[in-house]
Amino acid sequence: MSKRDTRVVVAMSGGVDSSVAAALLVNEGYDVVGMMMRLWSDESMGGAEHNRCCTPDQMQSARHIADGLGIPFYVLDTKSVFRERVVQYFIDQHRDGYTPNPCLECNRHIRFDWLLNHALALDADFLATGHYARITENPEGGWLLLKGLDPAKDQSYVLSVMGQAQLARTLFPIGAYPKTEVRRLADELGLSRANRKDSQDLCFLGNNDYRDFLRARAPDLMTKGPIVTSAGEVLGEHRGLANYTIGQRRGLGISFNEPLYVLAMNAVRNALIVGTRDELGRDELVAERMNWVSGKPPRASFSAEVKIRYRSQPQRASICTLDNRRVHVQFEEPQRDITPGQAAVVYADDVCLGGGVIAQFEGEQPMTNLPLEARDSRAIVPSARPLVAEGAQDT
């Protein structure tokens, strides 16, 4: 099939990256269609009327760029499915004591499932985005997901939810370019309107703080409870677990003979667990909902590098598969901020092998020596929503 007969839907945002991606594909001779999603946003408590990823200005910019490229442009109303699969997940995960990364769920359920299916319904052969990542054929068969060429912009971490079916139908036209070259190409291609800032993780909040959002949408998350040491000593009262993050030191409102940090959040007992700096790091984790890009783990046990945050550096570790959906990761060196709800993404050099969601650590659920009223101050029912590991942000 020639490029002229190959239809590619480009997920456009009005920003530099997706605009250059669309222009490169047009120049290569593909049959290109621009598509933009209208996403849900929080309008409560003075929140923004529009999601930060699809404001009217950004929509107008994307439409203007599409017109300049001579390609059709469509806007899809994605509010309902985004609210259900991304925003509700964000709330549910906080309710269960996790700190979620909504971009992973957006890529898993919205961009490379819902949007990809709409692209295919338009008889498209591929969906293209402005992500900094690369796709190449695996010599052993199938497809490999590689890091973007620009290490400062690489987005393979939030793309670790993709599988073979998605990779076979996806293009990342700018993944082999550094950001500086993408901006130069934008100037060269006359894309002066494409000047939007990079996307942000919590795009649906407008300018609100996520704590204000949770306070309005899930007030039960602000239920007060005990602040306790890992040994079970009650030191004070927290203002709701959703107000805290792993590794936090300031704003705890307690006195102790040395600085204390948030070690964990016990959602079942509504307890904030704190400890000294020496207690903060640990050298292991369990990741659940594992998605292997190839469809299966490389081996039952192997060595690789693992990232525990989007902006963190990969760290050497031994990975042992517990079952098809869970792995145990043993790091060579302790990691300070292993946070349940964030992704643990596995790499072999530049190849992203897959990733999963960091699970609650067994040591985060002890405290049997707490007073009964502190241990049972809040009953939490975990979300019953099925979470499927199948297939950030574009700028």
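Arg 83, Val 87, Phe 90, Ile 91 and His 94 in helix 3 meet Tyr 210, Phe 213, Leu 214 and Arg 217 in helix 7, where contact means heavy atoms within 4.5 Å. Helices (H or I, at least four residues) and strands (E, at least two) are DSSP runs, numbered from the N terminus. This is a predicted model, in which local features need pLDDT of at least 70 and side-chain atom pairs count only at pLDDT 80 or more, while totals for chains, interfaces and linings use all residues. Residues are numbered from 1 along each chain as its sequence is written, and side-chain values use heavy atoms, with hydrogens and water left out.

- The residues of the contact of helix 3 with helix 7 divide into six nonpolar, one polar and two charged; here Ala, Val, Leu, Ile, Met, Phe, Trp, Tyr, Cys and Pro count as nonpolar, Asp, Glu, Lys and Arg as charged, and the others, Gly among them, as polar.
- The axes of helix 3 and helix 7 cross at roughly 90° and come within 11 Å; axes are lines fitted to C-alpha atoms, for helices over the stretch in contact, and angles run from 0 to 180 degrees between N-to-C directions.
- Helix 3 and helix 7 are therefore roughly perpendicular to each other, a term for angles of 65 to 115 degrees.
- Phe 213 is in contact with Trp 40, Asp 42, Val 87, Phe 90, Ile 91, Phe 204, Leu 205 and Ala 218, leaving aside its neighbours within four places in sequence.

**The nonpolar cores**

- A nonpolar core is a set of buried Ala, Val, Leu, Ile, Met, Phe, Trp, Tyr and Cys residues joined through side-chain atoms within 4.5 Å; buried means under 20% relative accessible area, exposed over 50%, and partly exposed in between (1.4 Å probe, protein chains only).
- The largest nonpolar core has 50 residues, and those with the most contacts inside it are Phe 82, Leu 145, Phe 204, Phe 213 and Leu 214.
- At least two residues of this core come from each of strand 1 (7-11), strand 2 (31-38), helix 3 (79-95), helix 4 (102-121), helix 7 (210-217) and strand 16 (343-348).
- Helix 4 gives the most to this core, with eight residues.
- Another core, of 27 residues, lies apart from it, and its members include Val 10, Tyr 30, Met 36 and Ile 71.

- Gly 97 is found in the loop between helix 3 and helix 4, and at 6% relative accessibility Gly 97 counts as buried.
- Gly 97 and Ala 267 are 170 residues apart in sequence, yet 4.8 Å apart in space, C-alpha to C-alpha.
- Not counting residues up to four places away in sequence, Gly 97 touches Met 265, Ala 267 and Gln 360.
- Thr 229 lies in strand 8 (residues 225-229) and is buried, with a relative accessible area of 11%.
- Gln 248, in the loop between strand 9 (234-238) and strand 10 (261-266), counts as buried at 16% relative accessibility.

- Most residues other than glycine have a negative phi.
- Phi of Asp 123 is near 65°, a positive value; Asp 123 sits in the loop between helix 4 and strand 4 (126-128) and counts as exposed at 61% relative accessibility.
- Asp 349 has a positive phi of about 60°; the place of Asp 349 is in the loop between strand 16 and strand 17 (351-358), and at 65% relative accessibility Asp 349 counts as exposed.

Technical notes. Angles under 35 degrees count as roughly parallel, over 145 as roughly antiparallel, 65 to 115 as roughly perpendicular and the rest as oblique.
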